[in-house]
Amino acid sequence: MSEVSFKQMLEEETINSVHNGDVVEGTVVEVKPDMIIMNINCKYEGIIERKEYTANPEADLTTMVQEGDKITAKVMRVNEQIGYVLMTYRKLAQEKIYLELEKHYEDKDVLEGVVTQVRVGGLVVDYKGVHVFVPASLVSDRYEKDLSKYQGQEIRFVVTECNPRRRRIIGNRRMILNEERAKMEAEALERLEEKTRVQGTVKNLTKFGAFVDLGGIDGLLHISEMGWGRVRTPKDYVQVGDEIEVLIKGIDGNRVSLTTKFPEDDPWANLNEKYPINSEVRGTVARLTDFGAFVELEPGVDALLHVSQISRERIEKPEDVLNIGEEIEALIIDNNAIEKKISLSIRELEFRRRRFAMEQGEEPEPMMEEAPETDEVQDDIVEEAAAPAMEEASEE
């Protein structure tokens, strides 16, 4: 056997030993913008196209690889007719990353990646060249309609589903946020105490109140607890971002209720001094109900004017004679500082002024005769009229 034929046999044996799926290390002999050519110690050279080296379709490989670099790649196809071995660096790297992700999935490790795409259903995150999909429901611990702000951001996630064969990797960011929030809430609850004052930042407004960030946990400032005065809507009282002082009203589990009704500002304090019984007051009709009207005497102090105390005449509905926003004068006929209640009467005030005018020898203003208020009065009148007839019948 000649030396040439023996050499050819060795080359043929070498090339035949390279098959699809083999992992081969080669040395870069030439780099083009879209291609890498390597010596893989075979009869043919190894070729790595740009798409098989990087996911960036615009990448210039001459800026990424140098001649003489060692690259381990996977054989995709051996083309003996043209004379090259098509190889992939990217897929081999992905396979290694998939194995790494499986390990992270089992250990529930926290990973980091950059958001490369924002879709309707969630985010596509690049983790070392492998796409991880984070569904919209798992992006945040709160509902977010617009996810575009995450484009290009680096986010943390935990792998909750890993199927390399189907190239399906699901990430979960909400799990991390929930765990962190639970830890912060626990620390905050240890620090907070009922009946103490703290500083907070208004985080969100709703129809029924405002959520205030207390540093690790949110507290609810209900609209009914926004100061002693009447508040129409929360936005009339606070705005998002406002720094406010609040009093912790109660703590129930991880729910914190707040108030800005500070005791020193309580308008019901010294009630008997400010609003003694039999004193005349002026107020504004704030609310009408079937049984009467609530009159605001000052911010935070509403008194009840019962329908029976509005007039000497019989009134079916308070709105027949009163309007919201109307100023009235009335007499305080009862008060209770503990229950925070004040009862008013326009009717008694008219009686008082009429008596005073008569005592002063003045002609009192004419008042309409009071209509019978109950069926009992009407029954008394009927019985009185029928009495003579009943007596005559008994004599017979």
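Student: Which residues does Ser345 touch, not counting residues up to four places away in sequence?

Tutor: Ser345 touches Leu305, Gln309, Ala330, Leu331 and Ile333 when residues up to four places away in sequence are left out, where contact means heavy atoms within 4.5 Å. This is a predicted model, in which local features need pLDDT of at least 70 and side-chain atom pairs count only at pLDDT 80 or more, whereas totals for chains, interfaces and linings use all residues. Residues are numbered from 1 along each chain as its sequence is written, and side-chain values use heavy atoms, with hydrogens and water left out.

Student: What makes Ser345 count as buried?

Tutor: Ser345, which has its place in strand E20 (residues 341-345), has a relative accessible area of 0%; buried means under 20%, exposed over 50% and partly exposed in between, with a 1.4 Å probe and protein chains only, so Ser345 is buried.

Student: Which backbone nitrogens does the side chain of Ser345 reach?

Tutor: The side chain of Ser345 reaches the backbone nitrogen of Glu348 at 2.8 Å, and a polar atom of that side chain lies 3.4 Å from the backbone nitrogen of Arg347.

Student: Why are strand E16 and strand E19 called paired?

Tutor: Two strands pair if DSSP finds at least two bridges between them, and E16 (residues 280-289) and E19 (residues 327-336) have five bridges in the antiparallel sense, with Glu280 standing opposite Leu331 in E19. E16 is also joined by five bridges to strand E17 (residues 292-298), again antiparallel, and here Leu288 stands opposite Ala293. E16 and E17 form a hairpin with two residues between them. These strands are DSSP runs of E with at least two residues, while helices are runs of H or I with at least four, and both are numbered from the N terminus.

Student: How do you know that the buried residues of helix H3 line one face?

Tutor: The buried residues of H3 (residues 174-191) are Ile176, Leu177, Glu185 and Ala188. Seen down the axis of H3, they fall within an arc of 160 degrees, so they line one face of the helix, the arc being that of the directions from the helix axis to the C-beta atoms. They pack against strand E6 (110-119), strand E9 (154-163) and strand E10 (168-172), while the face turned away from the buried side carries the exposed residues Glu179, Lys183 and Glu190.

Student: What makes Lys128 and Lys195 exposed?

Tutor: Lys128, in the loop between strand E7 (122-127) and strand E8 (130-135), has a relative accessible area of 52%, and Lys195, in the loop between H3 and strand E11 (197-205), has one of 60%, so both are exposed. Although neither is a glycine, Lys128 has a positive phi of about 55 degrees and Lys195 one of about 70 degrees.

Student: Which residues have the most contacts inside the largest nonpolar core?

Tutor: That core has 21 residues, and those with the most contacts inside it are Tyr275, Leu297, Leu305, Ile328, Ile342 and Leu344. E16, E17, strand E18 (301-306), E19 and E20 each supply at least two residues of this core. A nonpolar core is a set of buried Ala, Val, Leu, Ile, Met, Phe, Trp, Tyr and Cys residues joined through side-chain atoms within 4.5 Å. Apart from it lies another core, of 20 residues, among them Ile97, Leu123, Leu138 and Tyr150.

Terms used. Polar contact = N/O pair within 3.5 Å; in protein donor to acceptor, adjacent residues only side chain to side chain.
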